[in-house]
Amino acid sequence: MRRCVRAAGRSRLQAFGVCFLWAGLAWACSGPGAAEAIERATSLGWILFGAAALVAGLAMLGLRRLGWSFKRLRWAALPVALDPAWWWSARAGDCGRTLVLGAWIFLGLTVLLAAILLVVAFRGRKVAPSGPTH
């Protein structure tokens, strides 16, 4: 990073531009094996999307069984709806590295959000009093 800043001089905007271009060149992909790398990235992106959809579906099923309305369930599906597998191309010049990174991030967000929603649902659940009532 210091190398990028020194190369750009004093301007922070120039430093950002140089670092951005330098990182883009480092991830550039072409030549022999590029097509196979793109296909692998695309496949892995869809597999990670499927895992995120499975986690969200199971979370929605659990939340529905805990009495949540369908309107509240949409939050569990939000990361899946925004997943890069829907809209990001592996053919953007980096052999799909950004697609795979985004898919991993959204899978993690889906798991995290599902866990948070399930904890909130369990804590908000009303427990019926046990024992005799008079």
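Let's start with helix α3 and helix α6. α3 covers residues 34-65 and α6 covers residues 97-124. They pack at an angle of about 5°, and their axes lie 9 Å apart. Axes here are lines fitted to C-alpha atoms, for helices over the stretch in contact, with angles from 0 to 180 degrees between N-to-C directions. That angle makes α3 roughly parallel to α6. The cut-offs: under 35 degrees is roughly parallel, over 145 roughly antiparallel, 65 to 115 roughly perpendicular, and the rest oblique.

A word on the source. This is a predicted model, where local features need pLDDT of at least 70 and side-chain atom pairs count only at pLDDT 80 or more, while totals for chains, interfaces and linings use all residues. Residues are numbered from 1 along each chain as its sequence is written, and side-chain values use heavy atoms, leaving out hydrogens and water.

Back to the pair. Which residues of α3 meet α6? Among them are A41, T42, L44, G45 and L48. On the α6 side, the list includes L99, V100, A103, W104 and L107. Contact means heavy atoms within 4.5 Å. By class, the contact of α3 with α6 has 19 nonpolar, four polar and no charged residues. Nonpolar is Ala, Val, Leu, Ile, Met, Phe, Trp, Tyr, Cys and Pro; charged is Asp, Glu, Lys and Arg; the others, Gly among them, are polar.

Now the whole chain. It has six helices and zero strands. Helices are DSSP runs of H or I, at least four residues; strands are runs of E, at least two; numbering starts at the N terminus. Buried residues make up 28% of the 134 residues. Buried means under 20% relative accessible area, exposed over 50%, and partly exposed in between, with a 1.4 Å probe and protein chains only. Take contacts between residues at least 6 apart in sequence: 69% join residues at least 24 apart.

Next, helix α4, residues 70-81. At 1.5 Å a residue, its 12 residues should span 16 Å, and its end C-alpha atoms are 16 Å apart, which agrees. The expected span is 1.5 Å times one less than the number of residues.

Which residues of α4 are buried? L73, A76, P79 and V80. They cover an arc of only 130° around the axis, which puts them on the same side of α4. That arc is taken from the directions from the helix axis to the C-beta atoms. The face turned away from the buried side carries the exposed residues K71 and A81. The buried residues pack against α3, α5 (84-87) and α6.

How do α4 and α6 cross? Their axes come within 9 Å and cross at roughly 175°. That makes α4 roughly antiparallel to α6. W75, A76, P79 and V80 in α4 meet F106, L109, T110, L113 and L117 in α6. By class, this contact has eight nonpolar, one polar and no charged residues.

L99 sits in helix α6 and counts as buried, at 4% relative accessibility. L99 and P84 are 15 residues apart in sequence, yet 6.3 Å apart in space, C-alpha to C-alpha.

D83 is in the loop between α4 and α5. Is D83 buried or exposed? Buried, with a relative accessible area of 0%. Leaving out residues up to four places away in sequence, D83 touches F49, A52, A103 and F106.

Last, C95, in the loop between α5 and α6. C95 counts as buried, at 8% relative accessibility. Its phi is near 60°, a positive value in a residue other than glycine.
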